[in-house]
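Here is a short briefing for someone meeting this structure for the first time. Look it over first, then work through the points below.

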Amino acid sequence: MPKNSKVVKRELDDEVIESVKDLLSNEDSSDDAFKKSELMVDDQEEKDVDVEEGSDVEDERPAWNSKLQYILAQVGFSVGLGNVWRFPYLCQKNGGGAYLVPYLILLLIIGIPLFFLELAVGQRIRRGSIGVWNYISPKLGGIGFASCVVCFFVALYYNVIIGWSLFYFSQSFQHPLPWDQCPLVKNTSHTFVEPECEKSSATTYYWYREALNISSSLSESGGLNWKMTICLLAAWVMVCLAMIKGIQSSGKIMYFSSLFPYVVLLCFLIRGLLLNGSVDGIRHMFTPKLEIMLEPKVWREAATQVFFALGLGFGGVIAFSSYNKRDNNCHFDAVLVSFINFFTSVLATLVVFAVLGFKANIINEKCVIQNSEKILKLLKMGSLSQDMIPHHINFSSITAEDYNLVYDIIQKVKEEEFDSLGLKSCQIEDELNKAVQGTGLAFIAFTEAMTHFPASPFWSVMFFLMLVNLGLGSMFGTIEGIITPIVDTFKVRKEILTVICCLVAFFIGLIFVQRSGNYFVTMFDDYSATLPLLIVVILENIAVTRIYGIDKFMEDLKDMLGFSPSQYYYYMWKYVSPLVLLCLLTASVVQMGLSPPGYNAWIEDTAMEEFHSYPLWGMIVCISLMVLAILPVPIVFMVRRCNLIDDSSGSLASVSYKRGRIIKEPVNLEGDNTSLIHGKSPSEVPSPNFGKNIYRKQTGSPTLDTAPNGRYGIGYLMADMPDMPESDL
């Protein structure tokens, strides 16, 4: 104990004794506990014992059952559908293997540092996103609310994608697969292939017509698609049941939902490598195009992918880490999860291009056969001379190499009239260069490739079950980013809030299962998250480094981790990351301004996609999504700035967890803590006047173990010390 503690005790004893007796009035052992109490004055060693070991009663705040469960939860949240259908597309589009260089650089510059920052503040303060940023700076409390709004917007359409995967999963238990062949249409005279399918492909037709039954424009609603409505309901029921008990229920599911996708990816990789043409796909994937790597667009897209791959700004990272112990090594967690995410993306890319290489090889073989037949017809018609064809060429069993040889000869000899012959080059590279992403990759290209697999229904079941699990892992983190902050802040029951949230989201989500629903998914995906999340993470960085103080934050990390983090993070957080984020925000705004706002509509008559601009009301919806997502930041700032809400009223008060109790933390501690602890209203219990508030360490009463405000008092009862700023961690 510090030397002057007894002096301070004597000076403040008269003011403290009455309030402390009131607080202990309903405790059985209050008198003995109070007599044994001693004043705490920033005694770090005693405080650490008090927080971690000083009580036999567990914190009421839930905790992870094991470190593995927590890591799997963070991996499940960060590794999502984007790793499977976005990263491979960007890798192919932006220079192949060369794309990995800017991606890794940006992962080290903004990915790991900002992921570490969110893990640290969540673990230190032990609250959701609203409580964390309200605690650091009440004027920036709107950051947490903005994160919740973005999470809600994303959850609305993300669960629709899980519903689509459930539909395909349910249709995979049949042989042949229903998207293997174009359907036949019968009329009174004859049978013919469905024209829309004949003009496109079997998998494309099944996706747009059988699954989505899509309309031709955003304005043409077409009513509900009942098949997808049932699948969406099933998806929300799964999420609700998994989340209803918080991490106590979802944490156990993580063992399956986070690990199963890796089993499937490894199985697909092994199977894919045994397929004809898979090596061509992987070679095409990792052939570096160094000239493309220097383009600014490549770096912008790499930064965006790093940003969203780790789930920065959503609040899910903060929510999950808030259930950790205070001394958990969150730096190790940040590095581990970031690189697991990266290697998962690379693994998924290998799988995708092995399968696409196999698909390209099959399409190329068909192209060779069709064009060889054209050459034979031209030879019979006399349009081509037999002398052009090398003697070793056998058109009945021609290889791709032989066909390309014949093609080159004909192109040179018939240079002027070559285009009129209608021959195609049939290059595997041309097929692999057709970049596909998102639903086009998962529900069209990949499903088409799987129809050529032996035992195709088995692989289809595995693939779509993997997509469901990837989606659920991300949904758990997204919903946790909504539920945890609200429960921490407003003290509502988690079970009731989870059910209400899922019900509301389902009914709003019905707009995504109309016949025009796919266009709304595109709208929300483009406009509801990108800019708001960038602004949120920039404000998070500013809140920690400028308002709270980067030096103080580094000291807090040292106290929490037991060692000083590298100065690398100091310079990243203070200078580099904010600058890169501002550049990314500017580039995203410019890109959004240069790209005409619109969507690709499926036209039934032509069986092709056609770009449509959003109507006026669609533009209003797009702008409203961005404004609503970021609006809580200025609103809360003005409310705090102008003192429009009394902090003691509890409207924006934060909640902390104490051993065995949930207690409210008003800024003005002249309220009644006794009523809050024992469930009485302020009118039922007289409110003591604290005067100068201090903390006492109760050596005899574990249920009233309190801590001083400041960086050692995170997650426990807070009071205002005269010289302690309210934003201290």
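This is a predicted model. Start in a loop: Pro 176 sits between α9 (142-170) and β2 (184-186). The peptide bond that joins His 175 to Pro 176 is cis, with omega at about 0 degrees.

**The disulfide**

- The structure holds one disulfide. Its partners are Cys 182 and Cys 197, with sulfur atoms 1.9 Å apart.
- The bond links distant parts of the chain, 15 residues apart. Cys 182 is in the loop between α9 and β2, while Cys 197 is in helix α10 (residues 195-199).
- The torsion about the S-S bond is about -80 degrees, so the disulfide of Cys 182 and Cys 197 is left-handed.
- Cys 182 is partly exposed, at 24% relative accessibility. Cys 197 is buried, at 1%.
- Cys 231 is buried at 11%, and Cys 267 is partly exposed at 30%.

**The whole chain**

- The protein chain has 729 residues, and 57% of them count as buried.
- Its secondary structure comes to 30 helices and eight strands.
- Take the contacts with a separation of 6 or more: 78% of them are between residues 24 or more positions apart.
- The accessible surface of the chain is about 30,800 Å². Carbon and sulfur atoms account for 60% of that surface.

**The annotated binding site**

- An unreviewed UniProt entry places the feature "binding site" at Gly 76, Val 79, Asn 83, Asn 341, Leu 470 and Ser 474.
- These positions are spread over 399 residues of sequence, yet they cluster in space. The largest C-alpha distance among them is 12.5 Å.
- Val 79 lies in the loop between α4 (67-78) and α5 (81-85). Val 79 counts as buried because its relative accessibility is 6%, under the 20% cut-off.
- Leaving out residues up to four places away in sequence, Val 79 touches Tyr 262, Asn 341, Thr 344, Leu 470 and Ser 474.
- Leu 470 belongs to helix α23 (residues 456-490). Leu 470 is buried too, at 5% relative accessibility.
- With the sequence neighbours up to four places away again left out, Leu 470 touches Gly 76, Val 79, Gly 80, Leu 81, Val 84, Tyr 158 and Pro 261.

**Aromatic rings**

- The count comes to 54 aromatic pairs.
- One of them is Tyr 527 with Tyr 614, an edge-to-face pair. The rings are 6.3 Å apart centre to centre, with 70 degrees between the planes.
- Tyr 527 lies in helix α25 (residues 517-527), and Tyr 614 lies in the loop between β5 (608-613) and α28 (616-630). The pair therefore ties together parts that are 87 residues apart in sequence.
- Tyr 527 is buried, with a relative accessible area of 10%. Tyr 614 is buried as well, at 7%.
- Tyr 570 and Tyr 571 have ring centres 5.2 Å apart and planes at 80 degrees, so this pair is edge-to-face.
- Tyr 570 counts as buried at 12% relative accessibility, whereas Tyr 571 is partly exposed at 44%.
- A charged residue also meets a ring: Lys 552 lies over the face of Tyr 548, at 5.1 Å from the ring centre.

**Backbone points**

- Which phi does Asn 213 have, positive or negative? Asn 213 has a positive phi of about 45 degrees, although it is not a glycine.
- Asn 213 is in the loop between α11 (202-211) and α12 (226-243). Asn 213 is partly exposed, with a relative accessible area of 30%.
- Ala 607 is not a glycine, yet Ala 607 has a positive phi of about 55 degrees.
- Ala 607 is in the loop between β4 (598-603) and β5. Ala 607 is buried, with a relative accessible area of 5%.

Technical notes
Residues numbered from 1 in each chain as written. Predicted model: local features only at pLDDT ≥ 70, side-chain atom pairs only at ≥ 80, totals over all residues. Heavy atoms only, no water. UniProt positions renumbered as here; feature names shortened; annotations may be inferred. Helix = DSSP H or I, 4+ residues; strand = E, 2+ residues; numbered from the N terminus. Buried < 20%, exposed > 50% of the residue type's maximum accessible area, 1.4 Å probe, protein only. Contact = heavy atoms within 4.5 Å. Areas by Shrake-Rupley, 256 points an atom, 1.4 Å probe, with all protein chains shown as cover. Phe/Tyr/Trp six-rings, centres within 6.5 Å; stacked < 30°, edge-to-face > 60°. Lys NZ or Arg CZ within 6 Å of the ring centre and 35° of its normal. Disulfide = S-S within 2.5 Å.
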